[in-house]
2 protein chains.
Amino acid sequence: MLSKKTKYGIKAITFIARQEDKSPVQIATISKSENISHKFLESILLTLRKSGFLGSKKGKGGGYYLLKEPRDILMTDIIRVLEGPIAMVPCVSLNYYEKCDDCPDEDACSVHKLMIQVRDNTLQVLKNNTLADLT
Amino acid sequence: MLSKKTKYGIKAITFIARQEDKSPVQIATISKSENISHKFLESILLTLRKSGFLGSKKGKGGGYYLLKEPRDILMTDIIRVLEGPIAMVPCVSLNYYEKCDDCPDEDACSVHKLMIQVRDNTLQVLKNNTLADLT
DNA sequence: TCAATTCCCTACTAAAACTATAGGGATTAT
DNA sequence: ATAATCCCTATAGTTTTAGTAGGGAATTGA
């Protein structure tokens, strides 16, 4: 299951991408429109800014804005930052690989074999979707 | 991320499917071979029995055995029983559908749109894999 | 200048989910 | 009988999730 953090993060960055002009969007605006707790959303947008997806402007009239064109932002990248690994087990994760404690031989592991297929298919979907595709 | 319950469950039922004869396999045997806590595994196998994947025999020489041929057991079905929904958000789940609290219009939701694609691809993989494919 | 607005940052907390563990009961083979 | 084995319920420790609290820093506009 996707965490609320990721879900809200995707909704929020999509909201920003939908703006016609490029002026900053305030947390409060997104929070109200998408029914997301203001403070929780604040921490999510902070993550997205620190990861290089969003820029921000302080003070009156400030807010968040996209640093790249929506068509250049892959959903894989957003999800990795918010959710962590896309793979369902650490031993098939490309970006967060970890060996399983219990498993002596990955090649013989039935779960490994299956989850590699799931990962590859999921990645294919998420790489084919940019932020522009969601707006 | 896949829960340990699901991971261990898949490993265990695969272990049973790999047996050449059809005599019952004991919890302790699987537990040792796959490095899974005996008691935890016990509760997992109980779930698999109650869901109709495994039969059991009590007393000395007892254990668990498959009720169907491995080629007739879809991985989707095993995972649904152990892990719950395959979808990453309840609002795109086929078997465990739930409306999102925050989302007034599913068709306009970017997360919804994306996760339907992920779900369909994942399902396709999991339906194309039977237990026989993992042994 | 100064007040209002807005993002920045850290710490904390309540609830839920996950990962087991404990302990005894029921059944069966020998 | 006795040992082996599954059956079942309850409980507990840990981790993760989903927020909440509170103040700080920068910017704008009057």
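How many nonpolar, polar and charged residues does the surface near DNA strand D have? By class, this surface has five nonpolar, 11 polar and nine charged residues. The structure is a predicted model.

**Overall build of chain A**

- The secondary structure of chain A consists of six helices and two strands.
- Along the sequence, these elements follow the pattern α-α-α-β-β-α-α-α.
- The C-alpha trace of chain A spans about 60 × 25 × 25 Å along its principal axes.
- Chain A has 135 residues, of which 36% count as buried.
- If one takes the contacts in chain A between residues at least 6 apart in sequence, 56% of them join residues at least 24 apart.

**Packing of helices α1 and α2 in chain A**

- Two packed helices are described by the angle between their axes and the distance between the axes.
- In chain A, helix α1 (residues 4–18) packs with α2(A) at an angle of about 115°, and their axes are 10 Å apart.
- This angle makes α1(A) roughly perpendicular to α2(A), because angles of 65 to 115 degrees are placed in that class.
- The crossing in which α1(A) passes α2(A) is right-handed.
- On the side of α1(A), the residues K11(A), A12(A) and F15(A) take part, and they meet I30(A), S33(A) and E34(A) in α2(A).
- The residues of this contact divide into three nonpolar, one polar and two charged.

**Contact between chains A and B**

- Chain A contributes 24 residues to the contact, and chain B contributes 24 residues.
- In chain A, α1 and α5 (110–128) each supply at least two residues of the side that touches chain B.
- Helix α5(A) gives the most to this side, with nine residues.
- By class, the side of chain A that touches chain B has 12 nonpolar, seven polar and five charged residues.

**Surface near DNA strand C**

- There are 23 residues around DNA strand C, and those that come nearest are S56(A), S3(B), S37(B), K39(B) and G59(B).
- Two or more residues of this surface come from each of α3 and β2 (63–66) of chain A, and from each of α1 (4–17) and α3 of chain B.
- The surface near DNA strand C has four nonpolar, 10 polar and nine charged residues.

**Surface near DNA strand D**

- Around DNA strand D there are 25 residues, of which S3(A), G59(A), Q26(B), S56(B) and G63(B) come nearest.
- The elements that each supply at least two residues of this surface are α1 and α3 of chain A, together with α2, α3 and β2 (63–66) of chain B.

- Most residues other than glycine have a negative phi.
- N35(A), although it is not a glycine, has a positive phi of about 55°.
- The position of N35(A) is in the loop between α2 (27–34) and α3 (38–50) of chain A.
- N35(A) counts as partly exposed because it has 14 C-beta neighbours inside 10 Å.
- In chain B, N35(B) is found in the loop between α2 (27–34) and α3 (38–50).
- With 14 other C-beta atoms within 10 Å, N35(B) is partly exposed.

Definitions and conventions:
Residues are numbered from 1 along each chain as its sequence is written. Chains are lettered from A and ligands numbered from 1 in the order in which they are written. This is a predicted model: local features need pLDDT of at least 70, side-chain atom pairs count only at pLDDT 80 or more; totals for chains, interfaces and linings use all residues. Helices (H or I, at least four residues) and strands (E, at least two) are DSSP runs, numbered from the N terminus. A residue is buried if 20 or more other C-beta atoms lie within 10 Å of its own, exposed if 12 or fewer, and partly exposed in between; C-beta atoms are placed from the backbone. Axes are lines fitted to C-alpha atoms, for helices over the stretch in contact, and angles run from 0 to 180 degrees between N-to-C directions. Angles under 35 degrees count as roughly parallel, over 145 as roughly antiparallel, 65 to 115 as roughly perpendicular and the rest as oblique. A crossing is left-handed if the near helix is turned anticlockwise from the far one by less than a right angle, and right-handed if clockwise. Two residues are in contact if their C-beta atoms, placed from the backbone, lie within 7 Å. Ala, Val, Leu, Ile, Met, Phe, Trp, Tyr, Cys and Pro count as nonpolar, Asp, Glu, Lys and Arg as charged, and the others, Gly among them, as polar. A residue is near a molecule or strand if its C-beta atom, placed from the backbone, lies within 6 Å of it.
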